[in-house]
Amino acid sequence: MKEQCKDPIQVETLRREIARLEQSPARSRGRPISSGCDPLDRLLPEGGFRRAALAEWLSAGEGSGATTLALGAARQACRDGGALVVLDRHREFYPPAAVRLGIEPEELIVVQAGSQADADWALDQALRCRGVAAVLAWPERLDGRTFRRLQLAAEEGGGLGLLIRPLVSRGEPSWADVRLLVEPLPAEPLLSRKRRLRIHLLRCRGGAAGQSIDLEIDDETYSVHLAARLAHPAAHRRAAGA
Amino acid sequence: MCIWLPDWPIQQLTAARPELKGQAVVLHETQRGTERVVACSARAVALGVTVGMPLAEATALAGGWKAEGGRRKGEGSGFRVRGSGVRGQGSGFLHQRFPRADDYPPDPSAFRLPPSAFPLPPSAFPSDPLADRRALEALAEWSARFSPIVGLENSTAPESLLLDVTGLAHLFGGEASLAEKILGDFTRRGLTVRVAVADTIGAAWAMAHSAFSIQHSAFSTQHSAFSIQHSAFTLVPPGEVLPTLRPLPVAALRLPAETVELLRQLGIDCVGQLEALPRDELSSRFGPELLRRWDQAIGRLAEPVPMHGQPPQLEADCSLEHPTTRRETIEAVLKQLIGQITQMLLELGHGAMRLECRLDCISAGPARPEPVQLSVGLFRPTAAAGHLCSLVQMQLERLRLPGPLSGVHVAAAATAPLLEEQQELFFLGDGLSRRHDRYLAELVEHLSSRLGHRSVLRVCLLADAQPELAWRYDPLVENSRRRNSRKQLPAELPPRPLRLLRRPVVLSVTSLIPGGLSQFSRSENGTVPFPDDGIRSENGTVPFPDDGIRSEHGTVPFPDDGIRSENGTVPFPDDGIRSENGTVPFPDGEVVPLRLLSFQFCGRDQRIAQHWGPERIETGWWRNRIVGRDYYQVETTTGHRYWFFRRLRDGRWFMHGMFE
């Protein structure tokens with residue numbers, strides 16, 4: 001027999017209760033970290049990334065712009081003190097570009113682990129460290145256990161873990177607080193240097209997933225703006241859930 | 001005995017530049033992006049400048065004082081201009097961390113005017129703790145005339161000399177005359193000092209710092225050192241330490257500022273009140289530091305004078321009667337030896353910067369296997385046995401011993417003074433960040449121990465036009481060059497990709513010279529490729545035969561690309577090639593912006609929607625590796641962005657990075 005709950009207030013209370021239970025005590029500490037761009041903040045349920053959590057960025061191919069956006073969040077996280085640890089296993093991270101994006105060289109620690117196991121260990125250690133404001137990593141494979149361990153490490157350390165992953169990991173389970181897909185959009189001739197991206201909110205704890213926004217990044221100033229979507233009615237409909 | 005030199009950084013500066021004596025002098029450093037005053041002279045204090053104030057505000061205050069001072073109008077404004085000039089100079093020195101006071105150009109106005117005729121405008125200098133420390137160390141050497149055992153107080157910014165005068169006083173005719181002699185000698189050097197003699201270092205320190213109600217302005221206004229000559233030392237009679245300490249403020253116990261503040265909030269202001277509290281609770285409530293300092297002050301805990309100078313050899317070894325392979329035993333032995341070393345270090349007031357362990361093993365065969373060496377580098381000096389053990393253990397876990405262990409040798413190969421408060425490793429200012437630093441230091445040491453110190457790096461930007469040489473990584477541990485000599489990047493630097501391939505990958509790009517009929521492109525066999533993409537060669541394959549061929553790692557397939565510089569950074573084989581007359585091969589090549597149409601990467605054809613460039617980079621002639629490249633930023637029709645360059649020497653295209 002199925003009981004119907006008719007009282008909307010009770011439903012709302014229960015929903016809030018679930019949301020409360022979903023949040024571990026460590027997570028509710030502190031105000032959220034801005035992503036560095038207002039439209040993306042508005043997309044996220046708390047107006048930013050939660051501290052002591054992981055944020056997963058799925059990058060649609062090379063040169064998509066996902067790291068640029070992640071570094072924007074890292075810069076915001078470092079504002080309250082603490083370092084940014086970049087786990088650059090493949091030694092392809094280019095620090096001058098990060099400095100151009102506003103990362104202070106003094107607060108940047110680059111770790112070049114040799115093996116996958118070392119890289120996972122270093123990622124765990126960096127997340128666990130309370131002096132680290134943000135960790136940026138490109139983990140290749142993440143099984144459920146490792147992922148869960150990383151999430152617990154982030155909860156302990158209190159920093160923001162920014163994991164940039166290829167699109168193929170979309171189907172894998174995630175322990176991240178937020179999972180975003182960053183997809184570049186074809187250029188519009190009038191936009192000149194501005195770079196267009198679409199961000200899909202694939203997964204988000206305590207918020208509605210499935211929304212997407214279009215952003216423009218100005219190459220000169222690295223300011224990020226909401227892009228007009230009028231030119232793409234199909235995308236608009238898709239975003240609206242139609 | 002304790003000799004306190006109040007406001008040592010300022011005293012040091014005025015000793016080096018006598019014309020600043022009695023003037024408003026401020027020292028500043030960058031704290032979280034703002035230049036803040038870290039020390040100021042009495043004259044500056046009188047103007048309302050306080051420590052922690054932004055430099056701009058301090059300068060404004062000084063300017064205000066000028067106006068109030070009733071100087072003639074013309075002179076006053078003239079000084080103000082100079083004042084701002086000094087400020088500009090100060091910020092210019094920001095990135096050059098350790099300018100010496102005597103490096104500054106002599107100030108002509110200082111020579112023109114007698115120092116105390118009327119006050120000069122305030123002078124601002126960047127703070128230089130290292131130089132201050134060195135100067136104090138020099139002073140400690142000079143002070144060896146009073147006692148063979150002279151040391152600096154244990155602090156990030158020491159201001160006191162500690163002398164062991166046990167059994168020496170009679171040589172100078174008693175403690176009082178020794179103290180007077182010291183006062184006189186320091187005063188002749190132009191230094192203001194406070195001297196106290198007591199049974200313990202802690203008590204002497206406390207008395208030197210607080211026995212006189214020192215008004216900040218009392219000591220460096222003009223030349224007041226002589227006026228306090230007779231009252232500037234205190235002698236605490238033997239056995240009278242406790243009664244003397246009781247009325248003193250708790251800060252006299254050399255406590256961290258947080259502890260003092262906490263005690264103040266609880267209404268505990270003087271040492272006597274502290275004594276009345278239950279001893280057991282002090283440690284749990286206020287941390288172990290309070291009890292340690294208290295015990296040191298009253299002589300319950302021995303505190304040797306931290307000797308200034310070369311520390312003796314710090315090593316310990318142990319040979320095992322019964323060689324063993326048992327991990328537990330090996331770890332226990334290491335722990336014991338490390339414990340011995342840290343004990344020695346603590347007595348010296350030093351911490352290890354590098355710990356080396358040699359594990360001697362035996363084997364069944366006649367040949368004795370090479371001893372196994374472990375080396376642990378540290379980010380900051382430490383004498384914590386547990387921490388060192390865990391770092392050594394981390395390496396031990398990953399090690400295979402060639403045979404049973406017969407002997408262990410542990411040595412502290414590099415040491416540094418153990419600082420009460422760690423030096424700031426990053427440019428962060430407040431208490432919160434200090435805590436960050438401590439955690440970060442631990443993280444860096446852990447990572448370095450397991451991954452090797454060349455894997456945990458800090459970034460130093462270099463002003464090099466060649467993109468792959470525009471920065472340098474320095475190891476974070478065992479690195480004395482802590483401060484970043486950051487060169488300002490040119491503001492107009494075009495965008496750079498976040499991912500730079502370690503070795504550029506050869507591409508094939510279809511391009512046009514705009515406005516011309518001739519197609520410009522490259523193909524290995526020299527045939528003319530088609531300007532538009534999508535066109536296949538006759539047999540239906542990719543039109544550019546050289547393309548798509550890659551080594552296993554997906555990098556450059558060409559055999560000539562294996563040339564690298566010693567540090568492994570410069571992968572370009574073309575760099576050494578010059579024309580016959582020894583010049584750059586294409587120095588006069590005018591920049592021809594090409595129109596790029598499509599390219600092939602990873603076996604896929606990609607159409608180029610738009611591109612920016614070229615940005616010509618021609619550099620490296622002084623390295624004898626000439627680089628000439630035209631860089632293009634390319635966006636494909638799907639919106640992905642890449643960074644290409646065309647090698648000017650042969651027109652080959654390379655993918656160098658991705659705008660991730």
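In this predicted model, strands β15 (residues 499–512) and β17 (residues 595–601) of chain B run antiparallel and are joined by 5 bridges, where strands are DSSP runs of type E with at least two residues and helices are runs of H or I with at least four residues, both numbered from the N terminus, and where two strands are said to pair if DSSP finds at least two bridges between them. Within this pairing, B:T510 stands opposite B:S598 of β17(B). β15(B) is also joined by 5 bridges to strand β21 (residues 653–658) of chain B, again in the antiparallel sense, and here B:V506 stands opposite B:F654 of β21(B). Of the 14 residues of β15(B), 10 are buried, and the strand is thus mostly covered; a residue counts as buried if 20 or more other C-beta atoms lie within 10 Å of its own, as exposed if 12 or fewer do, and as partly exposed in between, with C-beta atoms placed from the backbone.

Residues are numbered from 1 along each chain as its sequence is written, while chains are lettered from A and ligands numbered from 1 in the order in which they are written. Because the model is predicted, local features need pLDDT of at least 70 and side-chain atom pairs count only at pLDDT 80 or more, whereas totals for chains, interfaces and linings use all residues.

Residues up to four places away in sequence aside, B:F644 touches, among others, B:L507, B:V509, B:W653 and B:F654, contact being defined by C-beta atoms, placed from the backbone, within 7 Å.

The contact between the chains takes 46 residues from chain A and 50 residues from chain B. On the side of chain A that touches chain B, the largest share, 6 residues, comes from α4(A).

Note on methods. Two residues are in contact if their C-beta atoms, placed from the backbone, lie within 7 Å.
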